[in-house]
Amino acid sequence: PVAPGEPGDTQSRDDVAITVVDVEWGPESLIEPDAGMEHVSFLVSYEALADVASSSPLYCAATDREGMEHRYSAFGTDPALVGGDVRADRGVVEGWVTFEVPTGTSWLEVSESRLFDHPLNWVIER
């Protein structure tokens, strides 16, 4: 397995290179988080290394130090990452992926696991 990256690091596998470009803790969103929760958003870019790869916010997860996986929020920071083909001839696909986490969370491991046997991971600290 590859060691987790940090924001700004690019991780790759055969078909795609993914970068967590930026992180926003507590961003504004269309839907307010539940009581005791806040949003954290990750600007993610996908670049195809093969003719066609794919992106989706549903491939992403955020897990805290206690091993609790937090839910993806479909109404987070815009522009949101849109699922679909990432084509080498069309350039980089970029968008925000937002999660709802307990207020004050200071550490998360973010993963992209379209291929469960080869997830890509980043450690995010506030």
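Q: How many residues does the largest nonpolar core have?
A: This is a predicted model, in which local features need pLDDT of at least 70 and side-chain atom pairs count only at pLDDT 80 or more, while totals for chains, interfaces and linings use all residues. A nonpolar core is a set of buried Ala, Val, Leu, Ile, Met, Phe, Trp, Tyr and Cys residues joined through side-chain atoms within 4.5 Å, where buried means under 20% relative accessible area, exposed means over 50%, and partly exposed lies in between (1.4 Å probe, protein chains only). Ile18, Val40, Phe42, Tyr46, Phe99 and Ile124 have the most contacts inside the largest core, and the number of residues in that core is 22.

Q: Which strand supplies the largest share of this core?
A: Residues are numbered from 1 along each chain as its sequence is written, and side-chain values use heavy atoms, with hydrogens and water left out. Strands (E, at least two residues) and helices (H or I, at least four residues) are DSSP runs numbered from the N terminus. At least two core residues come from each of E2, E3, strand E5 (60-63), strand E9 (93-102), E10 and E11. The largest share, 5 residues, is supplied by E3.

Q: What is the strand order in the open sheet of 5 strands?
A: Two strands pair if DSSP finds at least two bridges between them, and in this sheet the pairing is antiparallel. Strand E1 (10-12) and strand E7 (72-73) each pair on one side only, which makes them the edge strands. Read across the sheet, the order is E1-E2-E3-E9-E7.

Q: Which residue in E3 is the bridge partner of Thr19?
A: Strand E2 covers residues 16-25 and strand E3 covers residues 37-48. These two strands run in the antiparallel sense where they pair, over 9 bridges. In E3, the residue that partners Thr19 is Ser45.

Q: Which residue in E11 stands opposite Leu108?
A: An open sheet of 4 strands, with antiparallel pairing, has the order E6-E5-E10-E11, and its edge strands are E6 (69-70) and E11 (120-125). Strand E10 (residues 107-112) pairs with E11 over 6 bridges. Across from Leu108, the residue in E11 is Ile124.

Q: How far apart are the closest N and O atoms of Asp34 and Arg71?
A: A salt bridge is a side-chain nitrogen of Lys or Arg within 4 Å of a carboxyl oxygen of Asp or Glu, and by this rule the count comes to 6. Asp34, in the loop between E2 and E3, and Arg71, in the loop between E6 and E7, are 37 residues apart in the chain. Asp34 is partly exposed at 43% relative accessible area, and Arg71 is partly exposed at 48%. Between the closest N and O atoms of this salt bridge, the distance is 2.8 Å.

Q: Is Glu38 buried or exposed?
A: Glu38 forms a salt bridge with Arg126, with the closest N and O atoms 2.4 Å apart. Because Arg126 lies in the segment after E11 and Glu38 in strand E3, the pair ties together parts that are 88 residues apart in sequence. With a relative accessibility of 12%, Glu38 counts as buried.

Q: Which residue meets Arg87 in a salt bridge?
A: Arg87 sits in strand E8 (residues 84-87) and counts as partly exposed at 26% relative accessibility. Leaving aside neighbours within four places in sequence, Arg87 is in contact (heavy atoms within 4.5 Å) with Ala48, Asp51 and Val52. The side-chain partner of Arg87 in the salt bridge, at 3.2 Å from N to O, is Asp89.

Q: How much accessible area do Leu30, Ile31 and Phe75 have together?
A: Patches are made of residues with over 30% relative accessible area and no salt bridge, with like charges joined within 9 Å and nonpolar side chains (Val, Leu, Ile, Met, Phe, Trp, Tyr) within 5 Å. Ile31 lies in the loop between E2 and E3 and is partly exposed at 44% relative accessibility. Accessible areas come from the Shrake-Rupley method with a 1.4 Å probe, and for residues only the protein chains shown count as cover. Together, the three residues form a nonpolar patch on the surface with an accessible area of about 330 Å².
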